[in-house]
Amino acid sequence: MAQTTTNKLPKFSDLPLGKGDPHHSAWGLYGKDDELGTLNRLTDEVVLKAAKEEIQTGIRVSLNWPLDAQSKPFFGRQAFHNNVYRKAPRVVNDDVWTFNTQSSSQWDGLRHFAYQEEQKFYNGVTMEDIHGEHKTNVNGIH
């Protein structure tokens, strides 16, 4: 994870940081190859301090939303399917899950929704970077 040398964030009025970057983007704040955005601010020190100062009871709260919570997902997305296959003669099952990463808890990276006019995702990633001949997992789920 990239570390910033300062905790100071630019003023909204100072955005974009880079000439030619989309309106109000902060691309480059954590480096030109960054794929984490403000997650860079969750340093080991910040997490440790928060744990020491904020945890008081030890009670855990799940923020997950069940994958099958929507019988008809929004925006025409594919519904969740779970198939359990018995692997006889052994006493074994295999699960095959098919789900859209936007149909429950959010499971996507910084390449889900681009600046529409510029047709670029975080830090200038393009559809070609994601789907082209030399595609990578840039800005994806790691």
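## A tour of the salt bridges and the overall fold

Select Lys87 and Asp94 to begin: the two residues form a salt bridge in this predicted model, with their closest N and O atoms 3.9 Å apart. Colouring by accessibility shows Lys87 as partly exposed, at 34% relative accessibility, and Asp94 as partly exposed too, with a relative accessible area of 37%.

Next, select helix α1, which covers residues 44-54, and display the side chains of Lys49 and Glu53, which meet in a salt bridge at 4.0 Å from N to O. Because Lys49 and Glu53 lie 4 residues apart in this helix, about one helical turn separates them.

A search of the whole structure finds 3 salt bridges.

Now zoom out and switch to a cartoon of the protein chain, which contains 2 helices and 2 strands, running α-β-β-α from the N terminus on. The chain is more spread out than a compact globule, because its radius of gyration is 20 Å, well over the 14 Å that the globule rule gives for 142 residues. Along the principal axes, the C-alpha atoms fill a box of roughly 60 × 50 × 30 Å.

Finally, show the surface: the protein chain exposes about 11,600 Å², of which carbon and sulfur atoms supply 54%, while buried residues make up 19% of the 142 residues. Selecting the charged side chains brings up 16 positive and 18 negative charges, whose mean positions are 4 Å apart.

Note on methods
Residues are numbered from 1 along each chain as its sequence is written. This is a predicted model: local features need pLDDT of at least 70, side-chain atom pairs count only at pLDDT 80 or more; totals for chains, interfaces and linings use all residues. Side-chain values use heavy atoms; hydrogens and water are left out. Buried means under 20% relative accessible area, exposed over 50%, partly exposed in between (1.4 Å probe, protein chains only). The radius of gyration is taken over C-alpha atoms; the globule rule is 2.2 Å times the number of residues to the power 0.38. Accessible areas come from the Shrake-Rupley method with a 1.4 Å probe; for residues, only the protein chains shown count as cover. Lys and Arg count as positive and Asp and Glu as negative; His and the chain ends are not counted. The place of a charge is taken as NZ of Lys, CZ of Arg, CG of Asp or CD of Glu.
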